[in-house]
Amino acid sequence: MSDDELMECLKHFQLRSIRKKEVFLKEGEISRERGLVNKGCFRRFTTNANGKEVILNFASEDWWIGNLESMSNQQPTIYTIQALEEGEVFCIPQEDHLKLC
């Protein structure tokens with residue numbers, strides 16, 4: 001990828017600061033963006049039938065967060081993604097994500 005192509009790609013991302021315990025995506029919402037973790041750590045979890053949170057995985061620097069399936073199908077997500085510490089995420093809206101893929 002040339003420098004010009006990289007710069008064009010980066011125009012589609014916005015750096016967002018995320019507070020500790022802030023929710024990036026909440027169960028029941030339709031995912032409208034994806035994020036590349038620049039700083040911090042996030043947990044992805046769901047709530048089982050007994051109301052208990054079940055952690056599925058963690059995402060730290062250089063990991064993608066969001067729910068691609070929810071975003072692609074415009075269906076509510078079954079996951080919640082929450083910051084475990086202060087962080088930064090490079091966010092890309094669904095429309096721009098589709099342009100680049």
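Arg 19 is exposed, with a relative accessible area of 55%; the classes here are buried under 20% relative accessible area, exposed over 50% and partly exposed in between, with a 1.4 Å probe and protein chains only. Arg 19 forms a salt bridge with Glu 22, and the closest N and O atoms are 3.5 Å apart. By salt bridge I mean a side-chain nitrogen of Lys or Arg within 4 Å of a carboxyl oxygen of Asp or Glu.

Before going on, the ground rules. This is a predicted model, where local features need pLDDT of at least 70 and side-chain atom pairs count only at pLDDT 80 or more, while totals for chains, interfaces and linings use all residues. Residues are numbered from 1 along each chain as its sequence is written, and side-chain values use heavy atoms, with hydrogens and water left out.

Back to the charges. A search of the whole structure gives 3 salt bridges. Another of them joins Glu 33 and Arg 16, with the closest N and O atoms 2.3 Å apart. Glu 33 sits in strand 3 and Arg 16 in strand 1, so I note the pair as a link between distant parts of the chain, 17 residues apart. Glu 33 is partly exposed at 21% relative accessibility, and Arg 16 is partly exposed at 27%. Strands and helices are DSSP runs numbered from the N terminus: helices are H or I with at least four residues, strands are E with at least two.

The salt bridge between Arg 43 and Glu 53 has its closest N and O atoms 2.9 Å apart. Arg 43 lies in strand 4 (residues 42–47) and Glu 53 in strand 5 (residues 53–59), so the pair ties together parts that are 10 residues apart in sequence. Are these two partners buried or exposed? Arg 43 counts as buried, at 12% relative accessibility, whereas Glu 53 counts as partly exposed, at 41%.

Arg 43 has a second contact to mention. Arg 43 lies over the face of Phe 45, at 3.9 Å from the ring centre. The criterion for a charge over a ring is NZ of Lys or CZ of Arg within 6 Å of the ring centre and within 35 degrees of the ring normal. Arg 44 lies over the face of Tyr 79, at 4.2 Å from the ring centre.

In what order do the 4 strands of the open sheet run? The order is 1-8-3-6, with antiparallel pairing. Strands 1 and 6 are at the edges with a single partner strand each, so one side of each has no neighbour in the sheet. Two strands count as paired if DSSP finds at least two bridges between them. Strand 3 (residues 33–39) is joined to strand 6 by 2 bridges, and to strand 8 by 6 bridges, in the antiparallel sense. Gly 35 has a bridge partner on either count: Ile 65 in strand 6 and Cys 91 in strand 8. Leu 36 has Trp 64 as its bridge partner in strand 6.

Phe 13 is in the loop between helix 1 (3–10) and strand 1 (14–18), and Trp 64 is in strand 6 (residues 64–65), 51 residues apart. Trp 64 counts as partly exposed, at 40% relative accessibility.

Two backbone items. Most residues other than glycine have a negative phi. Lys 21 has a positive phi of about 75° although it is not a glycine. Lys 21 is placed in the loop between strand 1 and strand 2 (23–25), and is exposed, with a relative accessible area of 60%. Gln 74 has a positive phi of about 55°, and is not a glycine either. Gln 74 is in the loop between helix 2 (68–73) and strand 7, and counts as partly exposed at 32% relative accessibility.

Last, the surface. Which residues make the nonpolar surface patch of about 260 Å²? They are Ile 55, Phe 58 and Leu 84. Patches take residues with over 30% relative accessible area and no salt bridge, joining like charges within 9 Å and nonpolar side chains (Val, Leu, Ile, Met, Phe, Trp, Tyr) within 5 Å; areas come from the Shrake-Rupley method with a 1.4 Å probe, and for residues only the protein chains shown count as cover. Leu 84 is in the loop between strand 7 (80–83) and strand 8 (87–93), and is partly exposed, with a relative accessible area of 33%.
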